[in-house]
Amino acid sequence: DMWSATITPEGQHTVTQDLSKPRWRGRGRKWGNRKRRSQSTELPQYPPIVRPIFDWSEVGEHFPQASPSMDYTLLAQLLQKQVQELSPSLEEQSIVQGFCTKVVTVIENMILTGEGEQLLLEEVRAVGSHKKGTALTGCTVADVVVMFSDLPTDDMIQALAKKVVSVLETAERDQLLQDKKEDTKKSSTTKIEIRVSGKSFDLVNDGPISATVRAFCTSTGDIVFGRSLESKSDFESFSNALRMIRHVRWFEEETAHLKSVRSLVRILKKMRGHVPGLSNLNVWYIELLCHCAVLPLYGDEPLSLVDGFRRVFQLLSAGLLLPGSVGLPDPCEEGDDAIHENMKPEQCDELTSNAQMIMVLLQFGAYREILGCEGAVPAKFSEPYTFGGVTLNVAPPAYMTQLQTDSAAAMTTT
């Protein structure tokens, strides 16, 4: 501001100094004026530092291996075998999905025929793991979302459940009469039980394989988020139902031809039973993580199941979900918030520590202990674990809760 440069028409350069403006020294004082400027007590606000992670699959060509790469053929075979064991049987799928299709068809007919106008019915959609193709064996609960044109009340939900059961039982009695005329073996009807819980209800089919359809009731997004609800639990139930619709739509579009993603989701959902860090992730976070692992950032071809399995724990062990990391954004939510911002720092630290131990066990070939398959005792991640004569110590937590901090301080003072 104190110096200016100009170019004359003849092409000569002139530099002039404006002495009417104050000059500043390095310590923040005016020239000839020793009075200090007023110091503000507020600290400057800087944007948070987002730390990228080290992704081996993206920089592998820049870091050549010093030793030959390991053979993961056995791991690939174990993963394929476990996927087959975790997938529900054809009989189980047909019974659960068949019962779900009947319920959805009844509600759709009520909407089309105008019978559902009294209940303000608007739409019904199948959601959940059975719709995505990631259900585990033994999971006989299929989820649907029923949308109303207004906020559903308890009486509306009860009336809808009773109406659906009435139509299903009537249709089954008619089918039974038809079967008797044709001398078929079927001679009894199955009972359907109604269980209402909050803003949802379950329809339990009492058959050889007990199938359940869980219906979550909600309304449109403008009504749910445009009104102030007195009950926080009702708002959470309505918004979660809308979120389930967005999740299943995104998952079907992004993984339509990626069978390895669905297989990997099944494996991680099963591993949550013996890996405490994975239990901190809900099913939606696991699906996003598997999709990110199977589809590299730079590459056209998706990874195989075994490579995707290894990359999941490579990303986690590198700190993908640690506080301050770039993380994984939720594609079904507004903004760029990462999914681990909804987790506690202790949970992120436990997940990262468990992933680092899994990476070490992979190098020792402890595949069965990691997966907990073929009768092997699952590896322990909360205490020192010995495998093949080598003891792996658990790293101390980097984040502690306030209760752990107070107890640690009390021990040091005593």
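How many bridges join strand β3 to β4, and in which sense do the two strands run? Six bridges join β3 (residues 121-127) to β4, and the two run antiparallel. The structure is a predicted model, in which local features need pLDDT of at least 70 and side-chain atom pairs count only at pLDDT 80 or more, whereas totals for chains, interfaces and linings use all residues. Residues are numbered from 1 along each chain as its sequence is written, and side-chain values use heavy atoms, with hydrogens and water left out.

**View 1. The open five-stranded sheet has the order β3-β4-β7-β6-β5, with mixed pairing.** Strands (E, at least two residues) and helices (H or I, at least four) are DSSP runs numbered from the N terminus, and two strands pair if DSSP finds at least two bridges between them. The edges are formed by β3 and β5 (191-197), each of which pairs on one side only. Neighbouring strands are turned by 20 degrees against each other on average, direction ignored; axes here are lines fitted to C-alpha atoms, for helices over the stretch in contact, and angles run from 0 to 180 degrees between N-to-C directions. β5 pairs with β6 (residues 200-206) in the antiparallel sense over seven bridges, and Ile-194 stands opposite Leu-203 in β6. Helix α3 packs on the sheet, touching β3, β4, β5, β6 and β7, and its direction makes about 165 degrees with that of β3. Helix α7 also packs on the sheet, touching β3, β4 and β7, with its direction at about 110 degrees to that of β7; contact means heavy atoms within 4.5 Å.

**View 2. Strand β4 (residues 141-148) is mostly covered, with seven of its eight residues buried.** Buried means under 20% relative accessible area, exposed over 50%, and partly exposed in between, with a 1.4 Å probe and protein chains only. Phe-148 of β4 is the bridge partner of Leu-121. Eight bridges join β4 to β7 (residues 211-219), and these strands run parallel, with Asp-143 opposite Arg-214 in β7.

**View 3. Helix α2 (residues 73-86) has buried residues at Leu-75, Leu-78, Leu-79, Gln-82, Val-83 and Leu-86.** Seen down the helix axis, these buried residues fall within an arc of 140 degrees, so they line one face of α2; the arc is that of the directions from the axis to the C-beta atoms. They pack against α8 (259-271), α10 (305-317), α11 (345-364) and α12 (367-371).

**View 4. The largest nonpolar core has 55 residues, and Met-271, Leu-281, Phe-309 and Phe-313 have the most contacts inside it.** Such a core is a set of buried Ala, Val, Leu, Ile, Met, Phe, Trp, Tyr and Cys residues joined through side-chain atoms within 4.5 Å. At least two residues of this core come from each of α2, α7 (232-254), α8, α9 (283-294), α10, α11 and α12. Leu-281 touches Arg-272, Ile-286, Leu-289, Leu-321, Met-343 and Leu-351, not counting residues up to four places away in sequence. Apart from this core lies another, of 29 residues, among them Val-164, Val-165, Leu-168 and Ile-192.

**View 5. Leu-120 has a positive phi of about 60 degrees although it is not a glycine.** Leu-120 lies in the loop between α3 (90-112) and β3, and is partly exposed, with a relative accessible area of 30%.

Conventions: Expected span 1.5 Å × (residues − 1).
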